[in-house]
Amino acid sequence: MLFRSVDKPAGLLVEPLPKREGEEPTLLDLLADRDRHAPRARAYVVHRIDRDTSGLVLFARTLAARDALKTQFARHSPERVYLAVVSGCPSPASGAWRDMLAWDPSSLRQRKAHGRDARGKEAIANYRVVERFTDASLIEVSLVTGKRNQIRVQAAMRGHPLVGEKQYAPNAGRHGTRSPGPSGPGETAIDRQALHAHRLTFKHPATSARVEFVSPMPSDIEALLARLR
């Protein structure tokens, strides 16, 4: 097998942060530990999702496979579909988000790029509303580009921060956002952003055959949806 898809739980980094290797366990560490008795087994990171985002992450088993898969991601050819619970209801019910974003290394946040900002990169995502609630919505988002925190910041820029968002919501604080509940606004009903990497489709790095992985909704987001319903 030239690759491995892993269903990552929320709260776990994919790989160590720069200059902080060994400070906390990561998904890459867990894979290495599981393969410790198979000396030729390796895991090479192809892409990442945020620490508090759950769902599918792709690893390559060889350097050649990693390079081939990374080329696909650089060309935006894989299909990366996320499910998210956002505050309010996006209007229209489906469409595209297009922004110029710039990563701020001092605050570790994405921000809207202004004018001639050389750090500005185009961020594109397609979305559709799957289910509406009183003051929240379940949406599906298909990434065209794959910028850091992209879905989280683009939703927040339109006044629909993710439920549980602690960084990009306008009133985010130490305990997160005030999030919608079944009968109106209430305390945050989930202790992380309600974002899940649901489906990943790409071409096999050797055969070019279509490969698809699907991750079911995790229990904490399912519980949130049950309360909202």
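## Confidence of the model

The average pLDDT of this protein, which is a predicted model, comes to 88, and 89% of the residues score at least 70.

## Salt bridges within the chain

Side chains of opposite charge can pair when their charged atoms come close. In this structure the count comes to 14 salt bridges. One of them is formed by the side chains of Asp-117 and Arg-111, with 2.7 Å from N to O. Asp-117 is partly exposed at a relative accessible area of 21%, and Arg-111 is likewise partly exposed, with 26% relative accessibility.

A salt bridge also forms between Arg-192 and Asp-220, whose closest N and O atoms are 2.9 Å apart. This pair links distant parts of the chain, 28 residues apart, with Arg-192 in the loop between β10 (184-186) and β11 (195-203) and Asp-220 in helix α4 (residues 219-228). Arg-192 counts as buried because its relative accessibility is 3%, whereas Asp-220, with a relative accessible area of 26%, is partly exposed.

## A network of charged side chains

The side chains of Arg-199 and Glu-212 meet in another salt bridge, at 3.7 Å from N to O. Because Arg-199 lies in strand β11 and Glu-212 in strand β12 (residues 210-214), the pair ties together parts that are 13 residues apart in sequence. Glu-212 counts as partly exposed, at 38% relative accessibility. Through salt bridges that share partners, Glu-79, Arg-199, Arg-210 and Glu-212 are joined into one network.

Definitions and conventions. Residues are numbered from 1 along each chain as its sequence is written. This is a predicted model: local features need pLDDT of at least 70, side-chain atom pairs count only at pLDDT 80 or more; totals for chains, interfaces and linings use all residues. Side-chain values use heavy atoms; hydrogens and water are left out. pLDDT is the predictor's confidence in each residue, from 0 to 100. A salt bridge is a side-chain nitrogen of Lys or Arg within 4 Å of a carboxyl oxygen of Asp or Glu. Buried means under 20% relative accessible area, exposed over 50%, partly exposed in between (1.4 Å probe, protein chains only). Helices (H or I, at least four residues) and strands (E, at least two) are DSSP runs, numbered from the N terminus.
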